[in-house]
Every structure is written in structure tokens, then in C-alpha cells.
Amino acid sequence: MKVITGMDSFKGSLSSVGANQAVEKGIKQVFPESVVKSFAMADGGEGTVETLVDGMNGSLIEVSVTGPLGSSVDASYGLIKDENLAIIEVASACGLTLLSKDQLNPLITTTYGVGELINHAFKQGARRFIIGLGGSATNDGGVGMLQALGYEFRDSEGKEIHFGGGFLSQIHPIKQIAESRKFKDCEFRVACDVSNILYGEQGASYIFGPQKGANSEMLKVLDAGLVHYAELTQKEMNIDIANIEGGGAAGGLGAAFHGYLNGQLESGVELIMDVLGIEEELKTADLIITGEGQLDAQTSMGKVPAGLAALAEKYTIPIIAVGGSLTEDAYNLNHHGIDAVFSIQRSPISVEAAMEHERTRINIEKTVEQIMRVLNVKIY
């Protein structure tokens, strides 16, 4: 028997790598001679760097960069030297988790640190980049990142504009200096699982701004700034960033990557499966086991289990999902390519207790073992 395990992380409890190890142990309890191919998984957001560094035998590079409020923060990215590949999660440099609730203010938060991470990786030899969007505390359209990469955004007096989405309306000229041209031949694959465009009622500001600390008045300022930025980009750079599906992701970083860096916006889980070469292994598999912390209706919308389910259907391979919890609508996943879903919980306990690292590890292992025992039963 050949089993593919592709577990997402159980956030706050167990990493993707740890979850896969628990699944493999459960399988081996029943089928000790089975071949188990494990793939640490993520959907392009949190955990993407860890997933690809582990799966491709890379290294984690730590560097001090400009944080969302302008002060230094310690960030990291993955580097696969043999592949000239860097993996960057934008949240490492400008994420919501870097700020307390009362510090959130998209009028002044910047993506400058993301550009610094790209620069650092370039100096380490990276020419191919995988970027995980999501979890940003910013709404600056990626202008901060572009400033770090060699673009000038000046006001009517010729001064560089301040950091933050609140200053985009002050942009007068946009200038590309020679420094930025070194990225012309680089490849940027951007994990992006939203279709929102840059501005408007369904744009970056109005849809994602409130969770970043924006009130109703701030939203108007932020959206107007993105409109102005897009119009100038079209006029002076001959680049359309206004109508890109996914352009509104991460406060407009999606638009900046696509428009200024020729980045390809892709489904996060599909991108990761492609990079790790999972499809080739699936062709000869007998079973897939996947899962995440909570299985619910959202699981079918671009999450790890959904991505694997699509491949399972392509090759008619059964796929089973296990989760730390199952919502009432989790059973609808049976109509979205997942053959069976199971909760790993064994008794009524608090959420805090259920999320304990060792408890989660054991529960995954024991649940998978019982599933495999059913598969091993000879029915006469």
C-alpha cells in the first residue's frame, strides 16, 4: 500500500510536519510495510515558508527589516540555494501579528520590509521567488515594497512620500530608478486566494481594511489613495493595476507584484503542490490522508484538503480528512471530493485542552490507526 499524507498545520497546536509524522505513525501501526510519502502542506498563507523549506531541504534565513510601523523587526524567509529560490511570507515583515490591536493603523503601516526581504534574497542568489500573501497589516498598495526595490514615489514638492496607505493620494510622479531593473528577469509566483481587485466596494480597503484597524472615514481615504495610485501607474508607467483579479490581496500587494514585477497570481495550495511535485507521486498512490485544525465549509474553498481532493478525483484515489474539530457543515465536504471526514477528539474537553501539542499528536495518530484498521478488515 502507498499512502500520501498531506496535512496542513493545526494552528496553535501542531505544525504540518508534526501532523504528517503522527499520521504516518498511525498508518504504520497497521500497515508496517506500507510506503508513506509525506508532504508538509500550506495554502500560501502562514506556514508556507516552513512547508517549502522542509519539503525542498532548504534553509531559513533571518534578517532585520523595516516593520509595519517603520521600526525594525526580525523577519525570516526560506532559501533553496540549489534552485535559486526564495520563499517569502509577507506577514513576516508586515503582518497583523506584529502589532497589538491598538497599534493597527493602515494609514501609516508599510510593506517596505517585504522589499527588503526580496533584496536580501536576491543578494543571496535568488532569482525565483514564491510569495505568500495574507495576514498583512497594510493597505499601501505595495508602494512601500516598491520603494525598497528601487521605485520613487514623490509628492508635488519632490519629496518621497511617507509610509502608509494614507499618503498614496500625495503621489505626484512615479520614477523607476536603475536599481529596480535587476528584478526584470526574476520570476515571482504569488500565492493569492482572493479575487478582489485593488479598489472600490469589493477592493482592498473596504473588504480587508476593517480588520487592519480602519474605521469608516479611514476607508474612504485609503480607497481614494489606491485609486490615485492606480491612475498614476497607468498614466506614467503604462501599467494597469486597477483591474487585476487578486490585486486587492494583502492591501494591494497583489496588484504591485503583478503590475510592477510581472508576478503570476496563483492559488496557494495549487502552487505548493506543483512546487513539491505531489501530482507525480499521486499517480501511483492507493490512499490520501489530509486534514487541518478545523474542517468546515471554508475547507472546500482553496484550502489544503480541497487542493488534494481535486487531484484525488483526477486519479480516482480515495481521500480521507481528519480535523481537530468538525463544524456542522463539514460533512458537505463529502460532496466536494473528500470521501470521509473524521474528528480526532475522543472526549468532551475544553478547546485549550484539545489544542495541547502532545494531545493533538496522539489523537491524530490514534484516529488514523483506527481508520487503517477498518481498511484492513476482511469482510466475508
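This is a predicted model: local features need pLDDT of at least 70, side-chain atom pairs count only at pLDDT 80 or more; totals for chains, interfaces and linings use all residues.

Residues are numbered from 1 along each chain as its sequence is written, and side-chain values use heavy atoms, with hydrogens and water left out.

Let's start with the open sheet: five strands in the order β2-β1-β11-β12-β13, paired in parallel. Helices (H or I, at least four residues) and strands (E, at least two) are DSSP runs numbered from the N terminus, and two strands pair if DSSP finds at least two bridges between them. β2 (35–38) and β13 (340–343) sit at the edges with a single partner strand each, so one side of each has no neighbour in the sheet. From one strand to the next, the twist averages 25°.

Next come two helices. α1 lies across β1, β2 and β11, at about 150° to β1, while α13 packs on the sheet by touching β11, β12 (319–326) and β13. Contact here means heavy atoms within 4.5 Å. The axes of α1 (residues 16–30) and α13 (residues 357–376) come within 7 Å and cross at roughly 35°; axes are lines fitted to C-alpha atoms, for helices over the stretch in contact, and angles run from 0 to 180 degrees between N-to-C directions. Among the residues that meet are Ala19 and Val23 from α1 and Ile364 and Met372 from α13.

Now for β5 (residues 85–89). Five of its five residues are buried, so the strand is largely enclosed by the rest of the structure. Buried means under 20% relative accessible area, exposed over 50% and partly exposed in between (1.4 Å probe, protein chains only). Leu85, Ile87 and Glu89 point one way, Ala86 and Ile88 the other. Here are some strand pairings:

| Pair | Sense | Bridges |
|---|---|---|
| β4 (residues 72–80) and β5 | antiparallel | three |
| β5 and β6 (residues 128–132) | parallel | five |
| β1 (residues 2–7) and β11 (residues 287–295) | parallel | five |

Ala86 stands opposite Leu79 and also opposite Phe129 in β6.

Finally, the cores: a nonpolar core is a set of buried Ala, Val, Leu, Ile, Met, Phe, Trp, Tyr and Cys residues joined through side-chain atoms within 4.5 Å. The largest has 56 residues, with Phe129 and Phe153 among those with the most contacts inside it. A second, separate core of 36 residues includes Leu85 and Val304.
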